[in-house]
Amino acid sequence: MKTKMDFLKMKQQHEPIVMLTAYDYPSAKYAEAAGVDMILVGDSLGMVVLGYDSTIPVTVDDMIHHTKAVKRGATDTFIVTDMPFMSYHLSKEDTMRNAARIIQESGAHALKLEGAGEVLGAIRDITNAGVPVVGHLGLTPQSVGVLGGYRVQGRDAEEAKKLIEDAKKCEEAGAIALVLECVPRQLAEEISKQLSIPTIGIGAGVEADGQVLVYHDVLTYGVERVPKFVKQYESLREPIMFSLSQYVKEVKARQFPAEQHTFTMKQEQLSALYG
Ligand code: KIV
Ligand code: NA
């Protein structure tokens, strides 16, 4: 299993770090088999798995439940779990209790927290308690209300300067890596140059030290619209809809189950049964 030191070395050697989200046993199994370097149990599960329209309703219990399943599917991959909305903002004690619960109950290897500012203290405290933290700047979906929607961040010089400063503060606070979401490529490149920890981009251009995408977006699995920064490879929609509607049709037509799906009793047992 790759860990913090491997990710640092990958950055130094310019080997891109591949992160992918996973939320359950099969997605984790496939992600690991495909060779991803780290798995993110993202609070995006609120949208792509649970059907909410944002990440706001996701709870600490949800994150634990899904991370446990991911752990069973990917036994040899570094797993980062998102701390959900408002689980690291109320007080130091509450933050530490939530962090401890996720790590101890789920077996995640690291936690991801969105933002800088007030959150820097949480990054520092959790790191000091011995738990690796991944930062997340740019478009931070848990603050979508304050940001004014899902849009590119750091496009003007002033915003960009603030993001560079925040990125450095995340590193100083102890973060082992930094997710950069929805920022111009030039800004992601500059931040990647200025930090010694790896940046993991999503909608941040090819110059970031790594990339992350959402499992369901990559596969077109249950998602209708995806952002510009997503690349959709083979779509699962068609094979899934083909198989499921074929199943419905064949049951209605009594074509399923066929002989090969069926158990039978021997004639002598039938005679014994009916006399
Ligand atoms: O929740 C998530 O999937 C994320 C990634 C998009 C970085 O935070
Ligand atoms: Na997230």
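I started with the crossover: strand β4 (residues 110-114), helix α6 (residues 119-128) and β5 form a right-handed β-α-β unit. Right-handed here means that, with the strands pointing away from the viewer, the path from the first strand over the helix to the second runs clockwise. For the element names I rely on DSSP runs numbered from the N terminus, with helices as H or I of at least four residues and strands as E of at least two.

Before going on, I noted the ground rules. This is a predicted model, where local features need pLDDT of at least 70 and side-chain atom pairs count only at pLDDT 80 or more, while totals for chains, interfaces and linings use all residues. Residues are numbered from 1 along each chain as its sequence is written, and chains are lettered from A and ligands numbered from 1 in the order in which they are written.

**Neighbours of β5**

I checked the pairing next (two strands pair if DSSP finds at least two bridges between them). β4 and β5 run parallel and are joined by four bridges; L113 has G135 of β5 as its bridge partner. On to β6 (residues 177-181): β5 runs parallel to β6 too, joined by five bridges, and G135 stands opposite L178.

How many of the six residues of β5 are buried? I found six of the six in residues 133-138, so the strand is largely enclosed by the rest of the structure. Buried means 20 or more other C-beta atoms within 10 Å of the residue's own, exposed means 12 or fewer, and partly exposed is in between, with C-beta atoms placed from the backbone. V133, G135 and L137 point one way, V134, H136 and G138 the other, and all are buried.

β6 and β7 pair in the parallel sense over four bridges, with L180 opposite G201 in β7. β7 then pairs with β8 (residues 210-213) in the parallel sense over two bridges, and G201 stands opposite Q211.

I also looked at K193, which sits in helix α9. Buried or exposed? K193 counts as exposed because it has 10 C-beta neighbours inside 10 Å.

**Ligand 1 and the annotated site**

Which residues are around ligand 1? I listed T21, L40, G42, D43, S44, D82, V179, E181, I202, V212 and V214; a residue is near a molecule if its C-beta atom, placed from the backbone, lies within 6 Å of it. By class I get five nonpolar, three polar and three charged residues (Ala, Val, Leu, Ile, Met, Phe, Trp, Tyr, Cys and Pro are nonpolar, Asp, Glu, Lys and Arg charged, the others, Gly among them, polar).

In the UniProt record, an unreviewed entry, the feature "binding site" is placed at D43, S44, D82 and K112. These span 70 residues in sequence, yet no two of their C-alpha atoms are more than 12.4 Å apart, so they gather at one spot. Such annotations may be inferred rather than shown by experiment.

I took a closer look at D43, in the loop between β2 (38-41) and α3 (45-48). D43 counts as buried because it has 29 C-beta neighbours inside 10 Å.
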